[in-house]
Amino acid sequence: MFPPFTVKTSIQDALKQVRELQQAILEKQRFKGYSGRARALGGCGALAASLMLGSTWISPQPKVHLIGWGVVFALAMVLNYGALIYWFWHDPEVERDVRRLRPALEIVPILLVAGVLTLTLIQHEEYNLLFGTWMLFSGLINFTARQVVPRGLSWVGFYYLSCGIICLLVFPQLSFTHASWVMGTVFFIGEFIGGLVLHYDEKKLPSLRTFFGFPAPPLSEENE
């Protein structure tokens, strides 16, 4: 017979090894193609655009504002997918395996539906419903591939869904041409926080100073 403490120690060691194996598998499956800084820059672009569109020298015509938000969307796509392509081609762990891009491709149907609904609202001149609609779809995007992205993005998704519901149900007449600051503020907060979540999920870049483009701190300062 083995002593009780020996059996207990063996079980604890086995459980520890199982947990380490599970963690290694999860880490291997974790999708790291998204860039925290690219996402945060997209949020800064939304805030800057809202301030510009809200200025007195910009025409209040819906067409002008649609062009402005279209530029913001295009900028965000270039930043995020540009970073994704760079990761795909230069990360040795990816080995340029197209299957590793699946989490990023899963948002394409959501973007397609969002585009169709946006065009429908524009055709019916329901411009005041656009902000809330865009927030809802942004919330859905943050839930895609949640098994392989940081859990914190789900909370960002809840944030966007909550803001979208409030805009559509509580303030359905929120002016598309006179309340640009609402859109800019919501997306700045959501994208900046989402960027921080992604940034701190990258173990090679744990410091806040690297998020803003500064050199990484010495090893002795990483845990501060």
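Predicted model: local features only at pLDDT ≥ 70, side-chain atom pairs only at ≥ 80, totals over all residues.
**View 1. Helix H3 gives the largest share of the lining of the largest pocket, nine residues.** Two or more lining residues come from each of helix H2 (36-53), helix H3 (62-90), helix H5 (108-123), helix H6 (130-141) and helix H8 (180-201). By residue class, the lining divides into 24 nonpolar, ten polar and two charged residues.

**View 2. The largest nonpolar core has 23 residues.** Within this core, Trp-69, Phe-131, Trp-134, Met-135 and Phe-187 have the most contacts. The elements that supply two or more residues to the core are H2, H3, H6, helix H7 (152-170) and H8. A second, separate core consists of twelve residues, among them Phe-31, Ala-104, Ala-145 and Leu-198.

**View 3. Surroundings of Phe-131, a residue of the largest nonpolar core.** When neighbours within four places in sequence are set aside, Phe-131 is in contact with Trp-69, Leu-174, Ser-175, Phe-176, Ala-179, Ser-180 and Met-183. Of these partners, Trp-69 is also listed among the core residues with the most contacts.

**View 4. Cysteines in a structure with zero disulfides.** The closest cysteine sulfur to that of Cys-167 belongs to Cys-163 and lies 6.7 Å away, which is too far for a bond. A disulfide requires the two sulfur atoms to be within 2.5 Å. Cys-167 is buried, its relative accessible area being 9%, whereas Cys-44 counts as partly exposed because its relative accessibility is 33%.

Definitions and conventions:
Residues numbered from 1 in each chain as written. Heavy atoms only, no water. Buried < 20%, exposed > 50% of the residue type's maximum accessible area, 1.4 Å probe, protein only. Helix = DSSP H or I, 4+ residues; strand = E, 2+ residues; numbered from the N terminus. Nonpolar A, V, L, I, M, F, W, Y, C, P; charged D, E, K, R; others polar. Core = buried A, V, L, I, M, F, W, Y, C linked by side-chain atoms within 4.5 Å. Contact = heavy atoms within 4.5 Å.
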